[in-house]
Amino acid sequence: QVQLVESGGGLVQAGGSLRLSCAASGRSFSGNVMGWFRRAPGKEREFVASIDSSGGSAVHADDSVKNRFTVSRENAKNMLYLQMNNLKPEDTAVYLCSVRTDITKSWRYWGQGTQVTVSS
């Protein structure tokens with residue numbers, strides 16, 4: 001069975017950095033787009049960034065994300081990463097990884113999320 005497990009979240013001061021990891025198991029996702037979403041307190045889940053199957057092209061939600069966050073993957077290990085630098089209090093959220101399938105053109109699989117808290 002498919003499982004996605006995020007890790008690397010924690011409490012950090014504004015301006016600090018965190019590296020999130022997403023470990024996939026049960027099946028290889030080397031042929032799939034993978035991405036990160038976040039759900040802030042009292043807000044809807046929103047897209048953060050994604051990366052294509054080869055790891056050669058990334059999509060970011062906006063310039064704020066693009067300038068501070070880097071999404072990467074290591075297909076041999078079935079892993080997805082999100083390097084977050086210069087964190088801001090507004091980045092506080094539960095961060096979730098997901099896998100997109102071209103068959104249904106939807107985000108098919110989800111992890112439970114890891115909490116990122118940025119203090120001011």
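## Disulfide

One disulfide is found by the rule applied here, a pair of cysteine sulfur atoms within 2.5 Å. The structure is a predicted model, in which local features need pLDDT of at least 70, side-chain atom pairs count only at pLDDT 80 or more, and totals for chains, interfaces and linings use all residues. Residues are numbered from 1 along each chain as its sequence is written, and side-chain values use heavy atoms, with hydrogens and water left out.

The bond runs between cysteine 22 and cysteine 97, with an S to S distance of 2.0 Å. Cysteine 22 sits in strand S3 and cysteine 97 in strand S9, so the pair links distant parts of the chain, 75 residues apart; helices (H or I, at least four residues) and strands (E, at least two) are DSSP runs, numbered from the N terminus. The torsion about the S-S bond is about 50 degrees, which means the disulfide is right-handed. Cysteine 22 is buried at 0% relative accessibility, and cysteine 97 is buried with a relative accessible area of 0%. Buried means under 20% relative accessible area, exposed over 50%, and partly exposed in between (1.4 Å probe, protein chains only).

## Nonpolar core

The largest nonpolar core has 27 residues, and those with the most contacts inside it are Trp36, Leu82, Met84 and Tyr95. Such a core is a set of buried Ala, Val, Leu, Ile, Met, Phe, Trp, Tyr and Cys residues joined through side-chain atoms within 4.5 Å. Two or more residues come from each of strands S3 (18-25), S4 (34-39), S5 (46-51), S7 (69-74), S8 (79-84), S9 (93-101) and S11 (114-119).

Leaving aside neighbours within four places in sequence, tyrosine 95 is in contact with Glu6, Leu20, Trp36, Phe37, Arg38, Val48, Phe69, Leu82, Met84, Gly113, Thr114 and Val116. Contact means heavy atoms within 4.5 Å.

## Four-stranded sheet

Strands in the order S1-S3-S8-S7 make an open sheet of four strands with antiparallel pairing. Two strands pair if DSSP finds at least two bridges between them. Strand S1 (3-7) and S7 stand at the edges, each with a single partner strand, so one side of each has no neighbour in the sheet. From one strand to the next the twist averages 15 degrees; axes are lines fitted to C-alpha atoms, for helices over the stretch in contact, and angles run from 0 to 180 degrees between N-to-C directions.

S1 and S3 run antiparallel and are joined by five bridges. Glutamate 6 stands opposite cysteine 22 in S3, and cysteine 22 is one end of the disulfide. Serine 21 also lies in strand S3 and is buried, with a relative accessible area of 15%. Beyond its neighbours within four places in sequence, serine 21 is in contact with Val5, Glu6, Ser7, Trp36, Met79, Leu80 and Tyr81.

## Strand S9 and its partners

Eight of the nine residues of S9 are buried, so this strand is largely enclosed by the rest of the structure. Six bridges join S9 to S4, the two running antiparallel; in this pair phenylalanine 37 has leucine 96 in S9 as its bridge partner. Three bridges join S9 to S11, again antiparallel, and alanine 93 is partnered by valine 116 in S11.

S9 also runs antiparallel to strand S10 (residues 106-110), with four bridges between them. Arginine 100 has tryptophan 107 in S10 as its bridge partner, and valine 99 stands opposite tyrosine 109 in S10. S9 and S10 form a hairpin with four residues between them, and lysine 105 in the turn has a positive phi of about 55 degrees.

## Arginine 68

Arginine 68 lies in helix H1 (residues 63-68) and is buried, with a relative accessible area of 8%. Arginine 68 and asparagine 85 are 17 residues apart in sequence, and their C-alpha atoms are 5.2 Å apart in space.

Apart from neighbours within four places in sequence, arginine 68 is in contact with Gln83, Met84, Asn85, Asn86, Leu87, Lys88 and Asp91. The side chains of arginine 68 and aspartate 91 are joined by a polar contact of 2.7 Å. A polar contact is a pair of N or O atoms within 3.5 Å; within protein, one must be able to donate a hydrogen and the other to accept it, and residues adjacent in sequence count only if both atoms are side-chain atoms.
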